[in-house]
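Dear colleague,

Please find below the structure that I am handing over to you. My findings follow it.

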Amino acid sequence: MPQRWVVGLQGIDPARVTPAQAHAVVSSWVDDGLAGHRTSPKPWAITPVFTFDGVVALEFAALSDAAARTFRRAVRPGVALRLGAQRGEVLAVRLIADEPWAALADGDAARKWAVTFETPTTFRRGSRSSPLPDPESVVRSMSSRWEALAPDGCALRRLGPTDVRSLWVSDIAGRNEVIDIGGTVVSGFLGSVRYRADDDAAARVFGALLRFGRVGGVGAYTARGLGVVRVEER
């Protein structure tokens with residue numbers, strides 16, 4: 001089942017940590033025990049390094065059982081790490097959420113959602129990236145990840161064009177932020193969006209995808225800390 005863990009870090013200045021450095025250290029924990037660095041989509045995601053109550057940390061989302069097992073084997077207090085020129089160690093590891101796929105799929109039957117995009121969020125289509133968090137982009141991005149990562153028996157109904165047209169944005173407040181992701185420059189959305197659904201069947205699927213995004217992020221580059229969201233169902 002998808003899980004979220006918080007990893008406390010010692011000896012690290014978060015202001016000096018880049019998304020590429022955070023990605024590299026987590027990849028060294030997880031990817032070598034899975035199918036390798038080129039696996040797509042990644043069965044894990046992270047937040048940027050942050051400070052909370054004086055403790056430097058990052059959050060790690062395991063989106064497959066294999067990713068969770070590999071993470072638990074590799075990460076424990078005292079494990080050394082390197083973030084760019086900085087050297088530190090893992091201070092603590094704590095499970096903060098586990099979300100069974102069935103619970104993600106069968107949550108509340110909401111038809112309104114308030115989504116806060118807490119880190120820049122971008123959506124890729126071929127060679128293009130767009131910061132626009134329209135329902136079609138969210139559905140396309142999250143459906144492909146769900147289909148690739150969810151176990152047998154937890155499939156969602158695919159939303160067709162008519163379904164997607166029943167999903168719409170009632171309010172938006174935010175801005176774009178241009179960031180460099182390992183030499184690729186993308187524009188990401190930061191802010192809040194209110195989504196609504198006019199169809200119950202489409203709403204059930206869209207709600208499941210947003211609950212999944214709450215655990216594993218939304219859009220592209222979630223393994224580099226993009227697409228961290230907070231979701232309120234109404």
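The protein has 6 helices and 12 strands, where helices (H or I, at least four residues) and strands (E, at least two) are DSSP runs numbered from the N terminus. Its radius of gyration is 17 Å, close to the 17 Å that the globule rule gives for 234 residues, so the protein is as compact as a globular protein of that length. That radius is taken over C-alpha atoms, and the rule is 2.2 Å times the number of residues to the power 0.38.

This is a predicted model: local features need pLDDT of at least 70 and side-chain atom pairs count only at pLDDT 80 or more, while totals for chains, interfaces and linings use all residues. Residues are numbered from 1 along each chain as its sequence is written, and side-chain values use heavy atoms, with hydrogens and water left out.

Overall fold. Buried residues make up 49% of the 234 residues; buried means under 20% relative accessible area, exposed over 50%, and partly exposed in between (1.4 Å probe, protein chains only). Of the contacts with a separation of 6 or more, 73% are between residues 24 or more positions apart, a contact being heavy atoms within 4.5 Å.

Nonpolar cores. A nonpolar core is a set of buried Ala, Val, Leu, Ile, Met, Phe, Trp, Tyr and Cys residues joined through side-chain atoms within 4.5 Å. The largest has 37 residues, among which Trp113 and Trp146 touch the most other members. At least two residues of this core come from each of helix 3 (101–105), strand 7 (112–121), helix 4 (135–149), strand 11 (184–197), helix 6 (200–216) and strand 12 (229–233). Helix 6 gives the most, with 9 residues. A second, separate core of 26 residues includes Val7, Leu9, Trp29 and Leu83. Leaving aside residues up to four places away in sequence, the residues that Trp113 touches include Val193, Tyr195, Phe206, Leu210 and Val231.

Individual residues. Pro43 sits in the loop between helix 1 (19–30) and strand 2 (44–46) and counts as buried, at 9% relative accessibility. Pro43 and Leu149 are 106 residues apart in sequence, yet 6.9 Å apart in space, C-alpha to C-alpha.

Most residues other than glycine have a negative phi. Asp53, however, has a positive phi of about 50°; Asp53 lies in the loop between strand 3 (50–52) and strand 4 (55–62) and is exposed, at 70% relative accessibility. Tyr221 also has a positive phi, near 60°. Tyr221 is found in the loop between helix 6 and strand 12 and is buried, at 19% relative accessibility.

Yours sincerely
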